[in-house]
Amino acid sequence: MKELFNVRNPGNNGRPLFSWQKSKGNYFAVTATNSDCVRVFDRNGDVTAELSTSGGILGLCWDKDGNVLAVISNKSTSVLLWDSMTNKVSKLETGFKDSLSYGVWSRASNHLAVGTVKGNLLIYNHSSTRKIPILGKHTKKITCGEWSLQNLLALGSEDKTLTISNVDGDTLKSETLRGEPSLITFSDMKLDERSSVGENTVSCVVSKKTLYFYNLNDPNNPVELAFQARYGSIIDYHWYGDGYIMIGFTVGIFVVISTHHKEIGQELFQAKDHKDTLE
């Protein structure tokens, strides 16, 4: 593996944040949670743009084509947008009085969803510049979310609920969970009869301990899987192959499970690849 370049101390000991440009991979955005500046590098390590922010940066996210970078900050009520085609910066005013808490671009269109600390939601269509504000989508801070390839939006909140909405922000489903959700994603659960709707399942981690599955074709029977306490908390998980999931835990253990209804809940593989903790 050849090193192209490195970035040292992006933000005075804050937690580093970085994101490669989607689709094209020509640009690399980097900052830190306590920084008030986002730097965009090209593949040679040269600075292409420096974006000034109000600090408190929560996330960097590219639209599906890699044309626009969105910068989400909890010290602002607006979203900073950088256009990689024109090298121009603009501000997306949300119209909310409360600070931002989360943002995610659609994987299927040019829609950006932006959540706030009080549970409000803005859906912005970058192509038409249309903004749809939804007050009280959740009762507390929106903390995580993801779009499906069918343009459904799943959001999680500190109010311990999971909502699924359409591209206009209308709530289609709302599920109460045992704890706070995180790491929401869409995927295709392994079924005996293949569904025609594409990504049929929303999954998330609940209270960092369990995996929760909500199948859009079977909404009355969600599945929640618990794991051995000695594994510690769930750090991350990843769907792969034909309905398989690899899960990483704080003690350094990786576990593989299947979402096939005959195998769900069974550990197919386990390995401890890290001597210390996984973070």
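Visitor: Which strand does Ser 78 lie in?
Guide: This is a predicted model. In it, Ser 78 belongs to strand 7, which covers residues 78-83.

Visitor: Why is Ser 78 called buried?
Guide: Its relative accessibility is 8%. Buried means under 20%. Ser 78 therefore counts as buried.

Visitor: Which residues does Ser 78 touch, not counting those up to four places away in sequence?
Guide: Lys 91, Leu 92, Glu 93, Thr 94 and Leu 100.

Visitor: On to the rings. How many aromatic pairs does the count come to?
Guide: Eight. One of them is Trp 20 with Phe 28.

Visitor: Why is the pair of Trp 20 and Phe 28 called tilted?
Guide: The ring centres are 4.9 Å apart, and a pair needs them within 6.5 Å. The planes stand at 55 degrees. Stacked needs under 30 degrees and edge-to-face over 60, so 55 degrees makes this pair tilted.

Visitor: Are Trp 20 and Phe 28 buried or partly exposed?
Guide: Trp 20 has a relative accessible area of 40%. That lies between the 20% and 50% cut-offs, so Trp 20 is partly exposed. Phe 28 has 12%, under 20%, so Phe 28 is buried.

Visitor: What makes Tyr 231 and Phe 249 a tilted pair?
Guide: Their centres lie 5.0 Å apart, and their planes are at 55 degrees, so this pair is tilted. Tyr 231 sits in the loop between strand 20 and strand 21, while Phe 249 is in strand 22. They are 18 residues apart, and the pair links distant parts of the chain. Both Tyr 231 and Phe 249 are buried.

Visitor: Which residues form one aromatic cluster with Phe 18?
Guide: Trp 20 and Phe 28.

Conventions
Residues numbered from 1 in each chain as written. Predicted model: local features only at pLDDT ≥ 70, side-chain atom pairs only at ≥ 80, totals over all residues. Heavy atoms only, no water. Helix = DSSP H or I, 4+ residues; strand = E, 2+ residues; numbered from the N terminus. Buried < 20%, exposed > 50% of the residue type's maximum accessible area, 1.4 Å probe, protein only. Contact = heavy atoms within 4.5 Å. Phe/Tyr/Trp six-rings, centres within 6.5 Å; stacked < 30°, edge-to-face > 60°.
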